[in-house]
Amino acid sequence: MRTKWMILFLVIAVSACAHQRSLYDRIGGTPVLTAIVDSFIARFADDTRVAPTFAKSDIPKFRKLIIEQFCNITGGGCTYTGRDMKTTHQGLHLTETQFNALVEDLQDAMATQRIPIELQNELIAKLAPMRADIIHQ
Amino acid sequence: MKRASGFVLLLAFAVTANLFGADSRLLATGGLTQVEGTAGGGIVPWAVLSGYATEDQVGGTGFLTYVNTGDYSLWAAGGTFTLHNRVEFSAAEQRLHLGTLAEALKLPGAELRQQVFGVKFRILGDAVYTREPQIAVGLQYKRNLDFAIPKLVGAKDKDGVDVYVAATKVFLAAAGGHHVLLNGTLRATKANQMGLLGFGTANDSGYKLVPEASAAILLNNSVAMGGEYRVKPDRLAFSREDNWSDFFIAYFPNKNVGFVMAVAQLGTIATLPHQSGLFLSFQGSF
């Protein structure tokens with residue numbers, strides 16, 4: 001019984017060590033994040049559920065900011081120079097349906113860039129808490 | 001007959017799927033369809049509502065489930081309708097084929113049939129995105145269609161209502177980068193063997209509170225595996241009734257279909273011990 005607990009402790013300790021490197025490093029840094037963001041933008045530009053929402057957006061600026069933000073939240077040390085999520089999405093009236101569509105587009109983009117599912121999930125987990133500030137604004 | 005009507009139902013859902021096109025919740029967040037017809041695991045109702053509809057959509061599912069323990073086989077089929085990810089209506093029919101037992105005891109009939117009509121309200125939360133778990137309350141009105149046998153073995157009523165509250169939470173990237181789903185359900189019930197053996201007994205017809213739980217890990221965006229446990233009342237004197245458990249693997253190739261393969265351990269059912277076997281389920285969502 002005690003051996004069992006020690007093995008469990010070791011497994012937890014080892015997996016904790018494996019996570020000491022930032023998600024930013026494990027995913028491949030700015031080049032890979034940039035590729036993900038470019039695939040993401042290409043996808044939602046073609047996605048009729050969300051494309052109209054971005055009709056008036058400055059896409060190059062959006063691209064720069066979202067790369068900064070992904071770098072920032074994954075521990076890459078970048079400074080995010082954009083406005084907070086609540087202000088950014090003010091007046092867009094994004095629905096749950098549109099939010100979920102964006103998540104799917106991001107998942108597809110990460111799959112296209114051959115990001116391992118575990119790292120995809122970690123990035124989704126870091127973005128998920130922003131939902132409350134993104135929808136219904 | 002049951003098989004035929006189940007397939008017709010699924011066909012109808014497959015057709016309507018394209019009409020409604022409510023496909024906006026994330027893959028697998030509609031859960032499976034548990035054996036009483038509501039969104040859940042194989043045997044436990046979850047707080048999630050069936051289908052993939054969001055707050056501004058309607059959706060639903062059709063399902064067909066087959067369980068075979070050697071001595072018994074069970075078919076269950078039904079459908080759900082979910083409005084705006086707020087309320088889910090469900091209807092299902094179960095047919096338990098009594099094979100071995102019917103022959104041994106020369107029972108009046110070889111089948112026990114039951115209909116289940118359910119409604120489930122999402123009270124608060126979103127299983128994936130909010131801090132708090134998604135919480136729902138539900139009712140299942142059950143009507144036994146072959147009450148002669150349940151009456152013979154001591155059941156009091158041929159129908160009854162189960163009431164339950166369920167909490168479901170998806171922990172994103174929680175286990176080595178994989179999403180983990182945990183669910184806890186508390187049910188108040190009078191049912192014997194889910195209602196297939198009627199409700200209550202002559203001297204014990206009050207509600208009993210029974211806990212149920214599920215845990216699952218999403219291996220990728222389309223495959224989940226997990227296990228469930230369902231505590232059951234044990235009231236009929238003629239045979240013990242055991243708690244149920246299952247281990248399942250579910251595959252969602254897309255948002256329109258889901259397949260489940262499970263091993264269910266159902267314990268003693270109507271005097272026959274060690275009932276366990278394969279559990280197969282197909283679900284179509286729209």
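# A tour of helices, loops and a strand

Start in chain A, where α6(A) passes α7(A) in a right-handed crossing. The model you have open is a predicted one.

**Stop 1: α6 and α7 of chain A**

Select residues 96-112 of chain A for helix α6 and residues 117-127 of chain A for helix α7. Two packed helices are described by the angle between their axes and the distance between the axes. Here the axes come within 10 Å, and they cross at roughly 150°. Angles over 145 degrees count as roughly antiparallel, and α6(A) and α7(A) are therefore roughly antiparallel to each other.

Now show the side chains in the contact. From α6(A), pick A:V103, A:L106, A:Q107, A:M110 and A:A111. Their partners in α7(A) are A:Q120, A:L123, A:I124 and A:L127. If you colour this contact by class, you will find seven nonpolar residues and two polar ones, with no charged residues.

As you look along the helices, keep the spacing of the side chains in mind: an α-helix has 3.6 residues a turn, so residues three or four places apart point the same way.

**Stop 2**

How many of the 11 residues of α7(A) are buried? Eight of them are, so the helix is largely enclosed by the rest of the structure. To highlight the buried residues, select A:I117, A:L119, A:Q120, A:N121, A:E122, A:L123, A:I124 and A:L127.

Which elements cover the buried residues of α7(A)? From chain A, the cover includes α2 (23-27), α4 (59-73), α6 and α8 (131-134). Chain B takes part too, with β9 (159-175) and β10 (178-189) among the covering elements.

**Stop 3**

On the α3(A) side, the contact is made by A:I36, A:S39, A:F40, A:R43 and A:F44. On the α6(A) side, select A:L102, A:D105, A:L106, A:D108, A:A109, A:M110 and A:T112. By class, the contact of α3(A) with α6(A) holds seven nonpolar, two polar and three charged residues.

**Stop 4: α3 against α4**

Keep α3(A) on screen and bring in α4(A). Their axes come within 10 Å and cross at roughly 135°, so α3(A) and α4(A) are oblique to each other. This crossing is right-handed.

In α3(A), show A:T30, A:L33, A:T34, A:V37, A:D38, A:F40, A:I41 and A:F44. They meet A:I59, A:F62, A:R63, A:I66, A:I67, A:F70 and A:C71 of α4(A). The residues of this contact divide into 11 nonpolar, two polar and two charged.

**Stop 5**

Most residues other than glycine have a negative phi. Here are two for your backbone torsion panel.

Select A:H93, in the loop between α5 (85-88) and α6 of chain A. Its phi is near 50°, a positive value in a residue other than glycine. Is A:H93 buried or exposed? With 57% relative accessibility, A:H93 counts as exposed.

Then jump to chain B and select B:M194, in the loop between β10 and β11 (199-201). Phi of B:M194 is near 70°, again positive and not in a glycine. At 3% relative accessibility, B:M194 counts as buried.

**Stop 6: chain B and a glycine in its strand β16**

Zoom out to view chain B as a whole. Its secondary structure comes to three helices and 16 strands. Of its 286 residues, 59% count as buried. The accessible surface of chain B is about 11,200 Å², and 65% of that belongs to carbon and sulfur atoms. Among contacts in chain B with a separation of 6 or more, 59% come from residues 24 or more positions apart.

For a local example, select B:G277 in strand β16, residues 272-285 of chain B. At 14% relative accessibility, B:G277 counts as buried. Which residues does B:G277 touch, not counting residues up to four places away in sequence? They are B:N68, B:T69, B:A262, B:V263 and B:A264. Finish with a distance label between the C-alpha atoms of B:G277 and B:T69: they are separated by 4.3 Å, while the two residues are 208 residues apart along the chain.

Notes. Residues are numbered from 1 along each chain as its sequence is written. Chains are lettered from A and ligands numbered from 1 in the order in which they are written. This is a predicted model: local features need pLDDT of at least 70, side-chain atom pairs count only at pLDDT 80 or more; totals for chains, interfaces and linings use all residues. Side-chain values use heavy atoms; hydrogens and water are left out. Axes are lines fitted to C-alpha atoms, for helices over the stretch in contact, and angles run from 0 to 180 degrees between N-to-C directions. Helices (H or I, at least four residues) and strands (E, at least two) are DSSP runs, numbered from the N terminus. Angles under 35 degrees count as roughly parallel, over 145 as roughly antiparallel, 65 to 115 as roughly perpendicular and the rest as oblique. A crossing is left-handed if the near helix is turned anticlockwise from the far one by less than a right angle, and right-handed if clockwise. Contact means heavy atoms within 4.5 Å. Ala, Val, Leu, Ile, Met, Phe, Trp, Tyr, Cys and Pro count as nonpolar, Asp, Glu, Lys and Arg as charged, and the others, Gly among them, as polar. Buried means under 20% relative accessible area, exposed over 50%, partly exposed in between (1.4 Å probe, protein chains only). Accessible areas come from the Shrake-Rupley method with a 1.4 Å probe; for residues, only the protein chains shown count as cover.
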